[in-house]
Amino acid sequence: MAMNDTGSGKPGIGLIGLGTMGGALALNIAEKGFPIAVWNRTASVTTEFHAEAGPLAERIVPTATLADLVAAIAPPRAIILMVPAGPAVDDQLAALSPLLGPDDLVIDAGNANFHDTNRRQAAGLPFRFLGMGVSGGEEGARHGPAIMAGGEAADWARMAPVLQAIAAKAEDGTPCADHMGPAGAGHFVKAVHNGIEYADMQMIAETYGIMRDGLGMGATGIGQCFARWNEGVLRSYLVEISAAVSLARDPVGGGPLLDIIVDAAGQKGTGRWTAIEAQNLAAPIPVIEAAVMARNVSARRAERAAGEALYGRAAGKAVDVTPDDLEAALIAGKILCYAQGFAMISAAGKEFSWALDLPAIARVWRAGCIIRSAMLNDMAGALAEDPARNLILAPFFADHLRRSLPGLRRVVSAGALHGLALPALAAGLAWFDMMRTARGTANMIQAQRDFFGLHGFERLDGVKAPHGPWANDT
Ligand code: NDP
């Protein structure tokens with residue numbers, strides 16, 4: 001049965017939760033030719049939404065109760081849930097349970113923790129269930145988000161015509177909506193996307209910090225730099241908007257708007273979940289972890305002010321790096337961060353026995369989502385050559401890294417020397433230097449562990465030594 005013509009005059013799709021994302025998604029679905037029934041907890045929101053839908057209102061059926069919503073959709077029904085992650089989702093699933101049949105399908109399109117999606121999939125709901133990450137903010141939801149779905153392939157196939165119609169399209173025309181894998185795989189990939197988003201934003205903020213505090217540049221000059229970088233390898237949504245926000249003027253005072261914005265950022269959960277999950281998977285993602293840490297430190301304004309009063313302000317204005325070094329540092333940092341993110345996804349695939357298609361994930365991120373960038377095309381290509389190979393070992397990115405690492409080294413060194421914090425860029429560089437060192441330093445750790453814990457150790461000749469001849473044994 002086609003979702004845009006159920007043969008009954010009723011829509012085949014419904015949506016619960018007409019907030020920022022749900023409202024925009026419903027309009028997008030209606031605009032692409034799919035009639036849709038909608039319901040919102042606060043009834044006045046539904047009425048206003050319908051009244052303001054303009055010509056799309058004729059494809060939207062507003063309903064007053066959950067039972068009305070279900071009755072308004074032709075079976076087998078598909079209902080998109082767009083409410084806050086957590087208890088609100090469980091409450092709605094419980095409320096829908098007596099109303100839906102086994103062929104009906106509920107799609108949780110919020111930012112659920114993928115463990116919750118796994119739990120819900122396994123709970124034996126009396127209807128079919130997909131967990132789906134949606135990225136792109138309100139604008140994306142309205143005109144083309146990136147969509148990462150998890151659950152049974154048959155349920156994805158049923159929704160694919162709608163979801164691919166509303167999704168963003170990459171430059172080659174491919175819809176940025178795909179099935180990531182079973183159970184919570186879609187929400188897992190969305191969480192890693194958000195972790196990378198944190199990291200991309202943090203690294204951009206770090207280059208901004210060096211320009212502002214190390215090179216004495218004003219917001220306008222900084223904005224022009226970002227705009228220039230956006231014409232090269234770094235072309236991306238986040239660099240583009242960093243130029244726009246740097247160039248914006250304060251409507252009250254008239255100066256650069258960026259200069260009067262409080263320097264404290266929150267973190268809503270997905271970045272933190274990614275960092276926690278990486279630890280569970282023993283998958284190193286230090287750039288993302290540094291970005292989550294940096295947001296938490298940013299929120300401690302009073303403590304930071306006390307620190308500056310005690311230790312003095314970091315010496316700036318004479319840092320020996322150029323904007324070209326900063327551009328190179330951002331290119332290298334970005335490659336290192338994505339290499340970590342994709343390696344984490346690969347580790348999750350093994351851990352959870354999910355056949356995650358890494359090139360497909362890179363392709364879904366090419367448009368619509370917050371981390372969309374020109375580089376993702378090349379990443380999809382490199383991952384397609386060998387999905388099991390870390391991106392830093394792919395010849396294309398090795399070439400990029402050889403060119404950009406000297407800039408990253410100069411920037412990180414200058415930051416350390418002058419007291420300008422670069423947690424994400426420095427974390428990326430330290431990880432890279434470990435990853436390119438065949439003989440590391442963990443032999444010292446192993447010897448220490450054996451000394452106090454009798455762990456034994458493995459010798460380079462392959463022999464397992466039961467215990468070392470340490471001085472405390474005698
Ligand atoms: P909003 O706060 O704008 O809207 C929340 C919606 O959920 C409202 O319609 C609200 O109804 C409804 N709601 C809240 N609590 C309940 C409940 N207990 N039972 C039923 N309905 C409830 O949120 P967003 O649209 O921003 O976010 C929705 C989901 O999408 C979240 O999971 C979010 O993390 C995710 N998301 C958000 C993005 C964004 O950029 N905003 C981007 C990607 C994902 P009412 O009008 O009655 O309050």
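Modeller: The expected span of a helix is 1.5 Å times one less than its number of residues. Helices here are DSSP runs (H or I, at least four residues), as strands are (E, at least two), numbered from the N terminus. This is a predicted model, in which local features need pLDDT of at least 70, side-chain atom pairs count only at pLDDT 80 or more, and totals for chains, interfaces and linings use all residues. Residues are numbered from 1 along each chain as its sequence is written, and side-chain values use heavy atoms, with hydrogens and water left out.

Take helix α17, residues 395–418. Along the way α17 has a kink of about 40° at S404, shortly before the proline P406. That bend is the angle between axes fitted to the seven residues ending at a residue and the seven starting there.

S404 is also one of the buried residues of α17, which include F397, A398, H400, L401, L405 and G407. Further along, L408, V411, V412, A414 and G415 are buried as well. Buried means under 20% relative accessible area, exposed over 50%, and partly exposed in between (1.4 Å probe, protein chains only). An α-helix has 3.6 residues a turn, so residues three or four places apart point the same way.

Among the elements covering these buried residues are α8 (185–214), α14 (323–352), α16 (375–385) and α18 (423–435); contact means heavy atoms within 4.5 Å. After α17 comes G419, with a positive phi near 80°.
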